[in-house]
Structures are given as C-alpha cells and as structure tokens.
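Here is a short briefing on one protein chain. Keep the sequence and the 3D view open as you read.

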Amino acid sequence: MTTSHLEMDAFVRSADLGSFTAAARALQLTPSALSKLIGRLEARLGVRLLHRTTRKLAPTVEGTLYLERCRQILNAIGDAESEVSRLRERPRGKLRLHAGVAFGTRQLVPRLPHFSQRYPEVQVELNIDDRTVDLFRDGGDIAIRTGPLRDAALVAKKLCDIGRLICASPTYLSRRGIPRTPADLATHNCITMAGIPNLSRWPFDTPSGKKHFDVQGNITVNNAECLVRLAVMGHGLIRINEAAISDEMQQGLLIPVLSDHQCRDAVALHALYPPGHDRLPRVSAMLDFLEATFSSAPWRNVYPGRARPSRPTRAG
C-alpha cells in the first residue's frame with residue numbers, strides 16, 4: 001500500500017510548523033486526526049519520523065531524509081494539478097524564484113512590483129542567495145544565474161549578456177590618480193573577491209593580444225555588495241559586473257576606468273527551469289516578463305555623463 005497524499009502533507013506541515021495543533025489547523029483537521037495520520041505513516045514505514053516533546057516537534061534523522069522526498073513529491077503533484085486544471089486560466093499560485101544577491105537586490109527586486117501588478121494572483125516567493133540552487137531538490141520554479149551552464153537537466157532561457165567594468169570613486173581617483181594603462185594597476189589598491197583566484201587576474205586587450213594582470217589590495221571580500229560599498233567609500237578599484245553598480249554609476253559615485261583597454265569579458269544571464277515548467281501559466285508569465293525586462297540590459301542606459309573626479313593626478 002502506498003503512502004497517501006494526505007499523510008505526506010500532514011507530515012510536511014507538522015515538520016514545518018513544529019506542532020500538531022498548528023498543522024491540523026492549516027489542514028482543517030483535528031489534532032487527534034492529524035496525529036493518527038502521522039502514526040499510521042510511521043507504522044507503515046517502520047521508523048519514527050518526528051521527535052515529540054511537550055513544546056515542539058522536530059524531524060528525526062530518518063524524518064529529515066523523508067521530508068526532502070515528500071517535498072519533491074508534493075511539489076510535483078501540485079504542479080501537475082496546476083498544469084491540468086489551470087492551463088487555460090490566468091497565471092496564479094505560488095512561484096518560487098531564485099536569484100543571486102547582487103542581481104536580485106539591484107535589478108530584480110525594483111522591477112518585481114511591475115510583474116505583481118500585471119499578475120496579482122501569482123504569489124512570488126523570492127530567494128536571494130549566491131549559492132547554487134538545486135531546483136529539483138528544493139522545489140524551485142526558476143533560477144536566474146550568470147556564467148556557464150552546469151546542469152544539463154535544466155532548460156536555459158538566455159536573457160542577455162553582462163559585461164564587467166573596472167571602476168572607483170571620484171574621491172579615490174582624485175587621491176591616487178586615474179590609471180591610464182593596465183600596468184598602472186601595480187600602484188593601486190584593488191579590492192577583489194575572496195576565494196576566487198581568477199577574479200584577481202584582470203584581463204585586458206593589448207597590442208600583442210589578450211593579457212591578464214594580477215592585481216593586489218589590502219582587502220578581499222566574499223560578497224559583491226561589500227565590494228561595491230568599499231569602492232564607493234573610496235577604498236580602491238574594483239572589477240565587477242555592470243548590473244551590480246548601475247545605481248552608483250548613475251549617481252556618479254563610481255566612475256569607469258581603463259575602458260579602452262579592458263576585455264568586456266561578458267557572461268550570459270540565464271533563467272533556468274525544470275523541463276515542462278514553462279507550460280505552467282505562472283512560470284510562463286515570469287519567463288516572458290524576465291525576457292522583456294532584461295533582454296535589453298537596462299542597466300547600460302543609466303550612465304549619463306559619467307562624471308569625472310575633480311583635478312585628478314596621473315597614476316604613478
């Protein structure tokens with residue numbers, strides 16, 4: 001005999017809410033009825049899934065493993081039902097969207113209200129995180145990522161290309177001088193990302209071809225937001241993707257340098273999703289929105305004037 005949908009749902013709700021009472025209320029059951037469902041499930045599996053105390057429920061080791069699989073199954077059931085029953089309806093229901101920190105906070109979040117205004121029946125659950133998300137395991141609908149595609153099991157919809165810029169604040173450039181050639185970087189403080197060696201090797205186009213210059217500085221960070229903040233404070237030069245600094249560029253807080261020398265070194269921005277998910281109206285609507293919003297790389301249109309620092313001195 002297979003495990004029923006209701007038993008799985010009762011187990012997941014109980015584990016998530018930490019209480020039979022709260023889970024029963026969410027499922028519109030009595031606490032005793034829900035407890036019996038969990039007991040029947042544990043008896044059939046031959047293991048205890050939940051630690052029960054007077055204050056809280058918590059999954060056992062076996063329960064934690066089973067919980068992950070239950071989530072996958074329940075998400076698949078929900079998507080199947082949604083696809084069949086709502087294929088011709090307006091987009092609605094929960095949409096789980098994942099994005100990296102810099103792109104998510106600076107480009108996606110300011111534009112999400114436009115999507116919500118157009119599709120008010122879609123509840124967007126946005127997860128901002130730089131870690132690589134497993135959409136199959138975590139039950140996500142769409143992940144927005146830059147760089148090489150690493151999971152052939154996912155469908156990739158290319159949105160645009162994102163280049164990198166070298167920039168610094170007017171204060172820093174007035175104090176230390178504007179680098180005119182890549183070799184000038186040897187006299188500058190360059191802030192880089194920790195744990196990613198390639199990001200401290202900055203590529204440039206030279207008469208003899210592409211050449212990398214190793215840069216050095218007195219601070220490394222593991223977060224792009226910190227990188228931008230340090231640059232705005234005048235601490236040094238950074239090399240970062242252009243979508244992460246559009247606000248600072250527009251306000252004149254950061255100024256590009258060595259633009260005539262550096263390789264654009266563009267990386268692709270993709271929306272990734274499990275096969276077949278684009279048939280769900282809510283997912284299809286979001287994919288169309290992302291393409292319409294970001295295919296033109298809108299952050300490139302906000303650099304008017306590119307203000308210069310006052311009376312800079314030459315590097316060196």
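The model is predicted. Its largest nonpolar core has 28 residues, and a second, separate core has 20.

**Nonpolar cores**

- Five of the 28 residues in the largest nonpolar core touch the most other members: L108, I142, M286, L290 and W299.
- Beyond its neighbours within four places in sequence, W299 is in contact with F103, Q107, C160, I162, E242, A243, S246, L269 and F294.

**Helix α11**

- With 14 residues, α11 reaches 20 Å from its first C-alpha to its last. That is close to the 20 Å expected at 1.5 Å a residue.
- This helix is mostly covered, with 10 of its 14 residues buried.
- The buried residues are P281, R282, V283, A285, M286, L287, F289, L290, T293 and F294.
- Residues three or four places apart in an α-helix point the same way, because there are 3.6 residues a turn.

**Largest pocket**

- At least two lining residues come from each of α5, β5, β6, α9 (224-232), β12 (238-241) and β14.
- By class, the lining has 22 nonpolar, seven polar and eight charged residues.

**Second largest pocket**

- Of the 27 lining residues, R71, L74, N75, K94 and R96 are the closest to the centre.
- Helices α1 and α4 (61-86) and strands β3 and β4 (122-128) each supply at least two lining residues.
- Helix α4 gives the most, with eight residues.
- The lining has three nonpolar, nine polar and 15 charged residues.

**Cavity**

- The structure holds one cavity of 30 Å³ or more.
- The largest cavity has a volume of about 40 Å³.
- Its lining is made up of I191, T192, M193, L199, W202, L227 and R239.
- Five of these lining residues are nonpolar, one is polar and one is charged.

- D9 lies in helix α1 (residues 5-17).
- Is D9 buried or exposed? D9 is buried, because its relative accessible area is 17%, and buried means under 20%.
- Leaving aside neighbours within four places in sequence, D9 is in contact with L27 and L74.
- D151 lies in the loop between β5 and β6.
- At 38% relative accessibility, D151 counts as partly exposed, because that class runs between the buried limit of 20% and the exposed limit of 50%.
- D151 and L272 are 121 residues apart along the chain, and their C-alpha atoms are separated by 9.2 Å.

Key. Residues are numbered from 1 along each chain as its sequence is written. This is a predicted model: local features need pLDDT of at least 70, side-chain atom pairs count only at pLDDT 80 or more; totals for chains, interfaces and linings use all residues. Side-chain values use heavy atoms; hydrogens and water are left out. A nonpolar core is a set of buried Ala, Val, Leu, Ile, Met, Phe, Trp, Tyr and Cys residues joined through side-chain atoms within 4.5 Å. Buried means under 20% relative accessible area, exposed over 50%, partly exposed in between (1.4 Å probe, protein chains only). Contact means heavy atoms within 4.5 Å. On a 1 Å grid over the protein atoms alone, a cavity is a set of points where a 1.4 Å probe fits but cannot get out, and a pocket is an open set with protein on both sides within 12 Å along at least five of seven lines; lining residues have an atom within 4 Å of a point. Grid points are joined across faces, edges and corners, and a volume is the space filled by probe spheres set on the points. Ala, Val, Leu, Ile, Met, Phe, Trp, Tyr, Cys and Pro count as nonpolar, Asp, Glu, Lys and Arg as charged, and the others, Gly among them, as polar. Helices (H or I, at least four residues) and strands (E, at least two) are DSSP runs, numbered from the N terminus. The expected span of a helix is 1.5 Å times one less than its number of residues.
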